[in-house]
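Here's a quick tour of a protein model for anyone new to reading structures. Take a look at the picture first, then follow the notes below it.

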Amino acid sequence: MTHDTSLALAELRSQVSTSLDRAQALPPWVYTDPQYFDLEQDKVFGAAWICAGRADALAHTGDFLATTVAGEPVIIVRTDDGELNALSNVCRHRMSTLLQGRGNVRRIVCPYHAWTYDLDGSLRAAPAMDANATFCADAIRLPAIRCELWEGWIFLTLDRDAPPPSETFADLATSIQDYAMGGYVETFREEMIWEGNWKLVAENFMESYHLPVCHRGTVGGSVALRTLEESMLRDGYNYHCLVRDADNPLTTAHPNNTRLQGDARRTTWVIALYPSLMITLSPGYFWYLCFAPEGPSRVRLLFGGGMAPEFASDPDSQDILEQARALTAAVLAEDRLCVERVYQGLQSRLAEPGPLSHLESGNHHFAQWVVNRVSGSQG
Ligand code: FES
Ligand SMILES: [Fe+2]
């Protein structure tokens, strides 16, 4: 931030606190400024629930993934008793990180001097430590990180007091209960790095205003702006629905799906759980992005998706499954281009934020949520 921080934040707060009919895009510096980024890491990612993907990706004892929350290295591992455990990924000896990526382990062995931890984080063995009188294996364990499951998603937080996702998203869970999202089966997943600020990814995903143009090569042709609904804005999330053509097998409920009735059988939900889980939920399939910023201009994304259980268990649906994967990858490639172009554009000397459409109400709501947290107010 070029001038006094609290003054800049106060100005920003007043800019985003307008009503929707006067709303503007955020100023460029909130996407590029390293100091502002540090505040976001601390007050947004360090305090919110951050998604680390689907729980069914870690199905077996010892399956793990290494991730970060607000830059903090964390391991999530399936323990012997079948639970998912989140632990600090930093060794209690000389503080090496422990595991990388994904995999399966029987125990967590530090790659530096082989201190060895059980899957619950307790230290099991440490070579050649008998001579140090302060060493007490029983007193050493990897610190636990709060981890909760909600509708099949793994959520982590560094905040001891944050209300659980089941509370924050309770109304949403009721609204989408007939989709039974918790039972959707992940069939593909990949990680990628995009050049841009994390908020651009979130903002792109939570409005369908860009569908007819940015996605004209894929799904855009079937979307008319006049049919789009304004987003529903809730504390901590927003969503809107798209009613799709009934003849599209990808976005229509499987004949064996008796939970969904009427238009719900062809309604897609576009859900943004702040700050960093974006879900497209259709009766037949779903896809998602969850992401972790690695700096103002770099974001690590987990892109995954899969099928409703009726499709996943239907041998005749394998080609639909392949189509779903190919289509979502093509849509995401279009999104990436749009997001990276915005990141280029907002660094122009002549860049200036413009007014938002009513179809970007979710963006305005999200901006208020982020800025309120960064400036220390939850209101
Ligand atoms: S830093 Fe982990 S065993 Fe030494
Ligand atoms: Fe998009």
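Let's start with a charged pair: Lys199 and Glu40 join their side chains in a salt bridge, 2.8 Å from N to O. (A salt bridge here is a side-chain nitrogen of Lys or Arg within 4 Å of a carboxyl oxygen of Asp or Glu.) This pair links distant parts of the chain, with Lys199 in helix α6 (residues 198–205) and Glu40 in helix α3 (residues 34–45), 159 residues apart.

Keep in mind that this is a predicted model, where local features need pLDDT of at least 70 and side-chain atom pairs count only at pLDDT 80 or more, while totals for chains, interfaces and linings use all residues; side-chain values use heavy atoms, leaving out hydrogens and water. Residues are numbered from 1 along each chain as its sequence is written, and chains are lettered from A and ligands numbered from 1 in the order in which they are written.

**Salt bridges**

- Opposite charges on side chains can pair up when the charged atoms come close.
- The structure has eight salt bridges.
- Are Lys199 and Glu40 buried or exposed? Lys199 counts as buried at 1% relative accessibility, and Glu40 is buried too, at 0%. (Buried means under 20% relative accessible area, exposed over 50%, and partly exposed in between, using a 1.4 Å probe and protein chains only.)
- Arg298 forms a salt bridge with Glu294, with their closest N and O atoms 3.1 Å apart.
- Arg298 is partly exposed at 35% relative accessible area, and Glu294 is partly exposed at 38%.
- Glu294, Arg298 and Arg300 are linked in a network of salt bridges.
- Glu340 and Arg336 meet at 3.2 Å, N to O. They sit four residues apart in helix α9, so about one helical turn separates them.

**The iron site**

- What holds the iron ion (ligand 2)? His210 (NE2), His215 (NE2) and Asp335 (OD) coordinate it at 1.9 to 2.1 Å. (Donors are N, O and S atoms within 2.8 Å of the metal, or 3.2 Å for Na, K and Ca; water is not among the atoms, so sites may look incomplete.)
- Along the chain, the donors of the iron ion (ligand 2) follow the spacing H-x4-H-x119-D.
- His215 lies in the loop between α7 (211–214) and β12 (232–234), and Asp335 lies in helix α9 (residues 318–345), so this pair ties together parts that are 120 residues apart in sequence. (Helices are DSSP runs of H or I with at least four residues, strands are runs of E with at least two, and both are numbered from the N terminus.)
- His215 is buried at 1% relative accessibility, and Asp335 is buried at 3%.

**A three-stranded sheet**

- Three strands make an open, antiparallel sheet in the order β1-β10-β9. (Two strands pair if DSSP finds at least two bridges between them.)
- The edge strands, β1 (50–54) and β9 (146–150), each pair on one side only.
- Five bridges join β9 to β10 (residues 153–157), and Cys147 stands opposite Leu156 in β10.

**The largest pocket**

- Which residues lie nearest the centre of the largest pocket? They are Ala25, Tyr31, Leu200, Glu203 and Val342, out of 25 lining residues. (On a 1 Å grid over the protein atoms alone, a pocket is an open set of points where a 1.4 Å probe fits, with protein on both sides within 12 Å along at least five of seven lines; lining residues have an atom within 4 Å of a point.)
- Helices α6, α9 and α10 (361–374) each supply at least two residues of the lining.
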